[in-house]
Amino acid sequence: MTALPPGSTIGILGSGQLGRMLALAAARLGLRTHIYGTDIDDPAMQVAHAHTISDWSDLRALARFGSECDVITYEWESIPVAAVEAAAKGRTVAPNIRALQTAQDRLIEKTFLRDTGLRTADFAAVDSEQGLRDALQSMGGRGVLKTRRGGYDGKGQAMIRSDDDLTAAWERLGGVPLILESLIEFSREVSVVAARGADGQVAAYPLTENEHRHHILHSSHAPASGDDGSAGEAARTILDALDYVGVMGVEFFDTPDGLLVNEIAPRVHNSGHWTQDAGCTDQFEQHIRAVAGWPLGSAAPKRAVVMTNLIGDDVDDWDTLARGPNTHLHLYGKADIRPGRKMGHVNRVG
Ligand SMILES: Nc1ncnc2c1ncn2[C@@H]1O[C@H](COP(=O)(O)OP(=O)(O)O)[C@@H](O)[C@H]1O
Ligand SMILES: [Mg+2]
């Protein structure tokens with residue numbers, strides 16, 4: 001792919017905060033963005049050069065949107081593949097559709113990861129209560145039941161440690177395709193955000209340690225201690241295997257036996273927001289560089305950063321946070337504050 005010159009238009013499917021920060025990064029490089037989403041009030045709409053407002057089944061609007069873009073990317077992994085295909089019509093989609101399909105289904109994702117030789121939790125497809133019972137027994141009676149598709153921030157999951165849990169989990173989640181995973185006793189959760197350019201060059205940011213609260217990412221510390229490079233190598237294996245172009249987030253469980261891959265996100269990732277204030281190329285610019293066919297920037301941070309999400313009414317403290325020394329405030333422009341809603345984040349440096 002030849003590099004898109006400044007003035008080119010990057011089409012972004014999805015209009016949340018990730019799309020917003022991608023559009024801002026593109027603007028810094030003199031590139032235009034055209035956002036496709038369903039609501040004019042969404043975060044990305046406020047900062048883009050152009051937008052299309054329609055739903056994900058409007059194939060004509062998607063095709064028109066695509067015809068106005070030089071390359072197409074996405075910021076949300078639950079976008080219907082048919083919508084991406086309607087927008088693409090011969091244009092480059094980066095990351096490619098195979099990466100999207102792999103990440104959209106936890107069974108396909110885990111099978112792919114295992115086939116690349118990486119380690120994951122044990123897993124089994126579950127389509128019936130008896131099937132769940134059998135799979136659970138093979139995993140020592142404990143596991144995490146998840147919907148194969150559509151889950152995020154811990155939604156669509158149930159922890160099972162007993163027979164009662166099993167019945168409750170099946171009642172709550174049964175009826176859609178499911179996957180059971182063995183319950184991993186991890187010492188911590190870590191992630192790596194990495195990019196692969198159109199020329200196959202890979203740049204991985206250092207290991208990041210993540211703390212979740214109520215199943216939502218609360219904070220990320222980077223660089224994390226104990227980085228032996230294996231997470232970055234795992235990310236490279238995944239990116240190469242998918243012939244991936246763009247930024248990906250890879251989540252791991254750190255265990256006494258080493259790292260297990262939990263899941264991949266075919267997009268910029270919340271655990272990479274710290275890169276915005278670390279003195280390296282931030283993940284949003286890196287993604288734009290990759291999909292525009294530009295060389296990747298440096299993924300080596302100059303300073304340590306702690307990123308904390310502002311969830312729900314945490315954002316009411318914006319004026320105090322704005323005064324904090326070494327504190328960089330990022331707000332997403334969302335009008336309605338709701339519990340559990342990601343409203344912004346702060347990066348504390350040093
Ligand atoms: N197999 C597992 N063993 C132990 N904990 C798990 C397992 N799978 C998920 N979890 C916990 O649930 C959280 C959310 O699960 P994840 O698969 O990352 O889904 P998502 O982030 O899409 O909601 C993880 O960050 C981890 O804390
Ligand atoms: Mg996750």
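Predicted model: local features only at pLDDT ≥ 70, side-chain atom pairs only at ≥ 80, totals over all residues.
Figure 1. Strand 2 (residues 32-37) and strand 3 run parallel and are joined by 4 bridges. Helix 1 (residues 17-28) packs on the sheet, where it touches strand 1 (9-13) and strand 2. The direction of helix 1 makes about 165 degrees with that of strand 2. Helix 2 (residues 59-67) also packs on the sheet, with contacts to strand 1, strand 2, strand 3 and strand 4. Relative to strand 2, the direction of helix 2 makes an angle of about 175 degrees.

Figure 2. The view shows an open sheet of 4 strands, arranged in the order 3-2-1-4 with parallel pairing. Strand 3 (50-53) and strand 4 (71-74) are the edge strands, each pairing on one side only. On average, neighbouring strands of this sheet are turned by 20 degrees against each other, direction ignored. Strands of a sheet pair through backbone hydrogen bonds, in either a parallel or an antiparallel sense.

Figure 3. Strand 6 (residues 143-147) pairs with strand 7 in the antiparallel sense over 4 bridges. Within this pairing, Val144 stands opposite Met159 of strand 7.

**Figure 4. Asp153 in the loop between strand 6 and strand 7.** Asp153 is found in the loop that lies between strand 6 and strand 7. Although Asp153 is not a glycine, its phi is positive, at about 45 degrees. Most residues other than glycine have a negative phi.

**Figure 5. Surroundings of ligand 1.** Ligand 1 is surrounded by 15 residues, of which the closest are Ala121, Val144, Gly154, Glu181 and Ile184. The shell comprises 5 nonpolar, 5 polar and 5 charged residues. Domain 2 (122-182) and domain 3 (188-349) both contribute residues to this shell, so ligand 1 lies between them. Val144, one of the closest residues, is also the residue that stands opposite Met159 in strand 7.

Figure 6. Ala94 and Pro95 are joined by a cis peptide bond with an omega of about -5 degrees. Pro95 is placed in the loop between helix 3 (81-88) and helix 4 (97-104). A cis peptide bond also joins Ala222 and Pro223, where omega is about -10 degrees. The loop that holds Pro223 lies between strand 12 (216-222) and helix 8 (230-241). Most peptide bonds are trans.

**Figure 7. Domains and overall dimensions, for orientation.** The domain assignment of the protein gives domain 1 (9-93), domain 2 (122-182) and domain 3 (188-349). The C-alpha centres of domain 1 and domain 2 lie 35 Å apart. The protein contains 10 helices and 17 strands. Its radius of gyration is 20 Å, close to the 20 Å given by the globule rule for 350 residues, so the protein is as compact as a globular protein of that length. Taken along the principal axes, the C-alpha atoms fill a box of roughly 60 × 50 × 40 Å.

Definitions and conventions
Residues numbered from 1 in each chain as written. Chains lettered and ligands numbered in written order. Near = placed C-beta within 6 Å. Nonpolar A, V, L, I, M, F, W, Y, C, P; charged D, E, K, R; others polar. Domains from an automatic or database assignment. Pairing = 2+ DSSP bridges. Helix = DSSP H or I, 4+ residues; strand = E, 2+ residues; numbered from the N terminus. Rg over C-alpha atoms; globule rule 2.2 N^0.38 Å. Axes fitted to C-alpha atoms, helices over the stretch in contact; angles between N-to-C directions. Contact = placed C-beta atoms within 7 Å.
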